[in-house]
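User: I would like to learn how to read contacts and backbone features in a model. Please take them one by one.

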Amino acid sequence: MNNDVVEKKKYTREEIAQRIIDNGDLLVIHSNKIYRLNAWIKHHPGGDMVILHMVGKDATDEINAYHSDHILRTKLPLFYFGDVDTENCDDFKSLIPPVQCDYNIKDINNNRLLTPETLLNYNNENMIQDSVEHKHIIEAYRQLYSKLRFLGLFDCNYFEYGRECIRYFILAFLAIYFFVTATKAWHYNISAVFLGAFWHQLTFTAHDAGHLAITHSYRIDSYIGIFIANVLGGISIGWWKYHHNIHHLVTNSPEHDPDIQHLPFFAVTPRFFQSVYSTYHKRILSYTWAASCIIRFQHFSYYIIMCFARFNLQIQSYIYLYKRTNGPYRYVEIFALLIYWYWFLYVLWVIPTYTESFIYLMLSYAVTMPLHVQITLSHFGMSTEDLGPSESFPAKMLRTTMDIACPTWLDFFHGGLQYQAVHHLFPRMPRHNFRKASYYVKQFADEVGLTYHVYGFASGNMKVLNVLKDVAMQIKLMRDVAVTSNIYTDH
């Protein structure tokens, strides 16, 4: 055995980069301690990609935000590898994670084409070069985190879930009542509307279960999520968690965030014109002629496509379960989905005509459209720049996410998730407390000089539509330039 590995406990930034490249070590920094996660990555409940996006980084705030104190005390120390050598500097300057260095490397664990210098040097001039720039933001964020915990905003209010369950039962009852007593086609249509509204509302609790924000027990919340998402909604909660965890850590990155990778239907930044490589889908997102034709009208088609977004969620779910053979609770999830399709296909079969069945299917799915608009609203209109690994976690979350202001009585419609910026800063906070926390987030942002983006629902929609329109207009401009160039070439 190499004695250097056993005896050496402190590593410089250069040595950490060397070990990542030469040894394939998955080294993550937390509070100036180094953890080697090679043995854990295949078992990580949040998925492997979230670890790969943190390799070489000071991920202290990310790890704290997504893990309980119990995990930090008992699980994390098992993978302790050494300490950061802070003799020449107080703060560790994050490396660029290998997975983010070359978007065309298909095997994200194969670093042979990379060098330590690739991880060490920030060649993009837009990147924040000195982590000290955000030191005051990090300190203030950690103080805010402690303050909100002291105020009890991380404690789950089960009374709120009781109120929501009453709403769920009412919507489910109305959907069943109009279906069972139906004598005319429009009775089935009313049933479909209530079923869609039922799915719309259930999503909020499924979201909480995915974040372990209900009981904080991985097993219990996973089964709650499977029942709500899989059995009642036909969507894999395992896929959602895998997908959603990545989105939270690399928010609005065209190459890495699956929540904004929607070619050929949408492009929220011209960077998609370059056919970027998706580290999530592990393929090039081809910007084709067909994509350019569709995206030219994306500001007109936005709401129409959102009516069919539920189909996409289900398709992505089933692809995930097919490919991820080692996913947690995979067979339980598949069985739960079979239950969903049994009862839902039975519902469609009972309806007298194929036409009415088709209308029921499309209407029930389309009613969830406001939910998909709300999900995309928080990010589609926000920054997609890559400011590098030295950008602090709170600064990135506030830069790439907007909150939607609405009256308190309308919180039920948005499920509290209109406060996406708050949620991204504190993902384990129960959503019923987001409104209270938003007041302190505003104070924090003002104190450290960040912008806390808050829009009304209408103005938020306009911001997104304007971004979609701007990107669409760039396609038109490029086509006009190409036509003009061809004219001059011909002459």
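User: Where does the charged end of Arg-310 sit?

Analyst: Over the ring of Tyr-365, 5.1 Å from its centre. A charge counts as over a ring if NZ of Lys or CZ of Arg is within 6 Å of the ring centre and within 35 degrees of the ring normal. Arg-330 gives another case: its charged end sits over the ring of Tyr-331, 5.4 Å from the centre. A word on the source: this is a predicted model, where local features need pLDDT of at least 70, side-chain atom pairs count only at pLDDT 80 or more, and totals for chains, interfaces and linings use all residues. Residues are numbered from 1 along each chain as its sequence is written, and side-chain values use heavy atoms, with hydrogens and water left out.

User: How many aromatic pairs does the structure hold?

Analyst: An aromatic pair is described by the distance of the centres and the angle of the planes. Rings of Phe, Tyr and Trp (its six-membered ring) pair if their centres lie within 6.5 Å; planes under 30 degrees apart are stacked, over 60 edge-to-face, the rest tilted. The structure holds 36 such pairs. One of them joins Tyr-35 and Tyr-80, edge-to-face, 6.2 Å centre to centre with 70° between the planes. This pair links distant parts of the chain. Tyr-35 is in strand β3 (residues 33-36) and Tyr-80 in strand β4 (residues 80-84), 45 residues apart. Helices (H or I, at least four residues) and strands (E, at least two) are DSSP runs, numbered from the N terminus.

User: What is the geometry of the pair Phe-154 and Phe-426?

Analyst: The ring centres are 6.1 Å apart and the planes are at 90°, so the pair is edge-to-face. Phe-154 is buried at 12% relative accessibility. Phe-426 is buried at 1%.

User: Which residues form one aromatic cluster?

Analyst: Trp-199, Phe-311, Tyr-340, Trp-341, Trp-343, Phe-344 and Tyr-365.

User: At what angle do helix α9 and helix α17 pack?

Analyst: Axes are lines fitted to C-alpha atoms, for helices over the stretch in contact, and angles run from 0 to 180 degrees between N-to-C directions. Helix α9 (residues 185-210) and helix α17 (residues 369-380) pack at about 40°, axes 8 Å apart. That makes α9 oblique to α17. Under 35 degrees is roughly parallel, over 145 roughly antiparallel, 65 to 115 roughly perpendicular, the rest oblique. His-200, Thr-203 and Phe-204 in α9 meet Pro-370, Leu-371 and Gln-374 in α17. Contact means heavy atoms within 4.5 Å.

User: Which backbone features stand out?

Analyst: Most residues other than glycine have a negative phi, and most peptide bonds are trans. Leu-263 and Pro-264 are joined by a cis peptide bond, omega about 10°. Pro-264 lies in the loop between α11 (237-249) and β5 (277-278). Asn-252 is in the loop between α11 and β5. Its phi is positive, near 65°. Asn-252 is buried, with a relative accessible area of 0%. Lys-282, in the loop between β5 and β6 (283-284), has a positive phi of about 55°. At 35% relative accessibility, Lys-282 is partly exposed.

Key
Buried means under 20% relative accessible area, exposed over 50%, partly exposed in between (1.4 Å probe, protein chains only).
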